[in-house]
Number of protein chains: 2
Amino acid sequence: MVQNRLDTIFHALADPTRRGMLANLALGEKSIGQLAKPFTMSFAGASKHVKVLEDAGLVLRRKVGRTHLCSLEPEPLGEADRWLRQWEKFWSVRLDRLEELLEANKDERK
Amino acid sequence: MVQNRLDTIFHALADPTRRGMLANLALGEKSIGQLAKPFTMSFAGASKHVKVLEDAGLVLRRKVGRTHLCSLEPEPLGEADRWLRQWEKFWSVRLDRLEELLEANKDERK
C-alpha cells in the first residue's frame with residue numbers, strides 16, 4: 001500500500017542518526033559496526049536504526065560470515081520526493097512573494 | 001537547529017491522516033472539526049494531529065471566537081524536499097540503469 005510505504009519512509013527519515021547512516025552508506029557498503037562508529041553507539045543501538053531503514057526499503061543487508069553488510073537502496077527517497085513535489089507550487093509561490101517583498105523594500109530604501 | 005526541524009517535519013509527514021489534513025488545508029483554511037470529518041475522528045484526536053503539524057511549522061492556527069482555524073504553511077515541505085534532492089543522483093542513476101535493462105530485454109525479444 002502506497003500510504004504505508006510513505007509512513008515507513010518518512011518515519012525512517014525523522015531521525016538524525018538514521019539520516020547520518022544513509023549519508024555514510026552513500027559512500028559504499030558498510031558493516032553495522034562501521035555505521036555505529038560516528039555516533040559512538042552500541043552495536044545493538046545501531047542495529048535497531050538499521051532495522052528501521054530496512055523496513056522502509058532504504059537499506060539492503062547481506063550476511064558475510066558473521067558480519068552484516070548494509071548497502072543503500074535509494075528508490076524510497078525518490079518516492080518521498082515525488083510526494084513532496086506535488087506541493088512545490090505552494091512553497092514556490094511563497095518564495096516568489098518573499099522575493100517581491102524584499103525587492104519592494106530595497107526600492108523603498110533607495 | 002536544522003537537524004531537529006527535519007526530524008519534526010518528517011515525523012509529521014509519517015502519518016496518512018496528517019498527510020490527508022495537509023491536502024485538505026491546501027484547499028483553504030479549515031476548522032479542526034472540518035479537518036476531523038473525512039477521518040470520522042474525534043475532535044481531540046484531530047487536535048493531536050494538528051498539534052504535530054503545528055510543531056513542524058506546517059500549520060498555523062488562529063482563534064476566532066471558540067473556533068480554531070488552521071491554515072497550511074508550505075515552507076517546511078520545501079525544506080524536506082531540499083534535503084531529499086541531495087539524493088537525486090542516486091535514485092536517478094538507478095532508474096537510468098533500469099531503463100537500459102528494459103531496453104536490452106526488448107531488443108533480445110525481437
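Which side chains meet in a salt bridge with 2.7 Å from N to O? Those of A:Arg62 and A:Glu29 do. The legends below take up this pair and other close-up views.

This is a predicted model: local features need pLDDT of at least 70, side-chain atom pairs count only at pLDDT 80 or more, and totals for chains, interfaces and linings use all residues. Residues are numbered from 1 along each chain as its sequence is written, chains are lettered from A and ligands numbered from 1 in the order in which they are written, and side-chain values use heavy atoms, leaving out hydrogens and water.

**View 1. Chain A has 6 helices and 3 strands.** Helices (H or I, at least four residues) and strands (E, at least two) are DSSP runs, numbered from the N terminus. Along the sequence of chain A, the pattern reads α-α-β-α-α-β-β-α-α. Of the 110 residues in chain A, 40% are buried. Buried means under 20% relative accessible area, exposed over 50%, and partly exposed in between (1.4 Å probe, protein chains only). The accessible surface of chain A is about 6600 Å². Carbon and sulfur atoms hold 55% of that surface. Areas come from the Shrake-Rupley method with a 1.4 Å probe; for residues, only the protein chains shown count as cover. Contact means heavy atoms within 4.5 Å. Among contacts in chain A between residues at least 6 apart in sequence, 53% join residues at least 24 apart.

**View 2. A rotation of 180 degrees superposes chain A on chain B.** The shift along the axis is 0.0 Å, and the RMSD is 0.0 Å. The two copies are thus related as by a two-fold rotation axis. The same surface serves both copies: 100% of the contact residues of chain A recur in chain B.

**View 3. A:Arg62 and A:Glu29 link distant parts of the chain.** A salt bridge is a side-chain nitrogen of Lys or Arg within 4 Å of a carboxyl oxygen of Asp or Glu. By this rule there are 14 salt bridges over all chains. A:Arg62 sits in strand β2 of chain A. A:Glu29 sits in the loop between α2 (16-25) and β1 (30-31) of chain A. The two are 33 residues apart. A:Arg62 is partly exposed, at 44% relative accessibility. A:Glu29 is partly exposed too, at 36%.

**View 4. A:Lys51 forms a salt bridge with A:Asp55.** Their closest N and O atoms are 2.9 Å apart. Both residues lie in helix α4 (residues 43-55) of chain A. They are 4 residues apart, about one turn of the helix. An α-helix has 3.6 residues a turn, so residues three or four places apart point the same way. A:Lys51 counts as partly exposed, at 44% relative accessibility.

**View 5. A:Glu88 and B:Arg85 meet in a salt bridge.** The N to O distance is 3.3 Å. A:Glu88 lies in helix α6 (residues 88-109) of chain A and B:Arg85 in helix α5 (residues 75-85) of chain B, so the pair joins two chains. A:Glu88 is partly exposed, at 31%. B:Arg85 is partly exposed as well, at 27%. A network of salt bridges links A:Asp81, A:Arg85 and B:Glu88.

**View 6. Helix α2 of chain B is largely enclosed by the rest of the structure.** B:Asp15 caps the N-terminal end of α2(B). Its side-chain oxygen lies 2.8 Å from the backbone nitrogen of B:Thr17.

**View 7. The largest nonpolar core has 53 residues.** A nonpolar core is a set of buried Ala, Val, Leu, Ile, Met, Phe, Trp, Tyr and Cys residues joined through side-chain atoms within 4.5 Å. A:Leu22 and B:Leu22 have the most contacts inside this core. Leaving aside residues up to four places away in sequence, B:Leu22 touches residues including A:Trp83, A:Trp87, B:Leu13 and B:Leu53.

**View 8. A:Thr40 has a positive phi, near 40 degrees, though it is not a glycine.** A:Thr40 is in the loop between α3 (32-36) and α4 of chain A. A:Thr40 is exposed, at 78% relative accessibility. B:Thr40 has a positive phi of about 35 degrees.

Terms used. Copies are superposed by least squares on the C-alpha atoms of residues with pLDDT of at least 70 in both. A polar contact is a pair of N or O atoms within 3.5 Å; within protein, one must be able to donate a hydrogen and the other to accept it, and residues adjacent in sequence count only if both atoms are side-chain atoms.
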